[in-house]
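Subject: Structure handover

Hello,

Here is the structure I promised to pass on. Notes on its charged pairs and its surface follow below.

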Amino acid sequence: MSTAQERFGSGTALVTGGGAGIGAGFVTHLASLGTTVVVADIDADAAENTAEGVRASGGTAVALALDVTDADAVEDAAREVFDRHGSLELLINNAGVENAGLLWEVSPERWRKVLDVNVSGVFHCVRSFVPRMIESGRPSAIANLSSVGGLSSAPVQAPYIVSKHAVLALTECLYQELALLDTSVQVSAVLPYSVRSDIFTAARDAAPSQNPLANKVFDAMQEANTSLGLDPVRAARHMVEAIARGDFWVFSDDAVCSQMAADRGDQLIRLLPPSDPKVLLATMGVDL
């Protein structure tokens, strides 16, 4: 029996943004361990489709339509989950959106949207679920999805990069605050790298950019993600095992993500400016 199955197999997990992409990967893998999974997503149909896929494979999953930017809705969801299941062994704060465009071309509405989903959504879930997880007294874990973007910077993705730095900071603070209380609630920062999803396409559908360079970059990222990105279930299997071990730093690709962390550390130690964006885009095959 794996560490993850031993720890989470008989418990309940909730995954925000669980209807697609890496979120659905977490749902599918956790259900295969025997976990009862609450599939939370703003897209009710996507949540139900993912939950139905789990049930068709013999697992246990329930769909929950949830907008993580709505604090009252998150509070209601937390109350419902604990009323129904009695405890929550794993909370994965995964819901997130991307954005393409130069920073000064981003609309205030889109800026707020990205920060509301990616950062405030995590805060709302922490605010509503953590007190109940503490009160239950059961060993449990919170895994917040930052990104390798939370360790670096990149052009034409500023709102997303800002949000992922913020999620990482929030997670580190949460870790320290829970440590002060000596609780049984563990905290992990999850920093995926290139897990297959439609996040780049979805970003442009939701907020089309008129900037040709931004569109080239997102074309290149979506193509690379589709052709080279990890399978979401395979990535989830690796990351859930790390969460179950109690790791704070959780990566989808240990070698790549560790190198990016080392590069960030080197930049800060040597007080170097951000990397040359032209070199970065050239490595992606983007023609300036």
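A search of the whole structure finds 12 salt bridges, a salt bridge being a side-chain nitrogen of Lys or Arg within 4 Å of a carboxyl oxygen of Asp or Glu. Please keep in mind that this is a predicted model, in which local features need pLDDT of at least 70, side-chain atom pairs count only at pLDDT 80 or more, and totals for chains, interfaces and linings use all residues. Residues are numbered from 1 along each chain as its sequence is written, and side-chain values use heavy atoms, with hydrogens and water left out.

Pairs around R55

R55 forms a salt bridge with E48, and the closest N and O atoms are 2.4 Å apart. R55 also pairs with E52, where the closest N and O atoms are 3.1 Å apart. E52 and R55 both lie in helix 3 (residues 44-56), 3 residues apart, which is about one turn of the helix. Helices here are DSSP runs of H or I with at least four residues, strands are runs of E with at least two, and both are numbered from the N terminus.

E48 is partly exposed at 34%, and E52 is partly exposed at 41%. The classes are buried for under 20% relative accessible area, exposed for over 50%, and partly exposed in between (1.4 Å probe, protein chains only).

A pair between two helices

The side chains of R204 and D219 meet in a salt bridge at 2.4 Å, N to O. This pair links distant parts of the chain, with R204 in helix 7 (residues 199-206) and D219 in helix 8 (residues 212-228), 15 residues apart. R204 is partly exposed at 24%, and D219 is partly exposed at 42%.

Nonpolar surface

L103, W104, W111 and V162 form a nonpolar patch on the surface, with about 450 Å² of accessible area together. Patches are made of residues with over 30% relative accessible area and no salt bridge, with like charges joined within 9 Å and nonpolar side chains (Val, Leu, Ile, Met, Phe, Trp, Tyr) within 5 Å. W104 sits in the loop between strand 4 (90-93) and helix 5 (108-136), and is exposed, with a relative accessible area of 71%.

Regards

How values were computed:
Accessible areas come from the Shrake-Rupley method with a 1.4 Å probe; for residues, only the protein chains shown count as cover.
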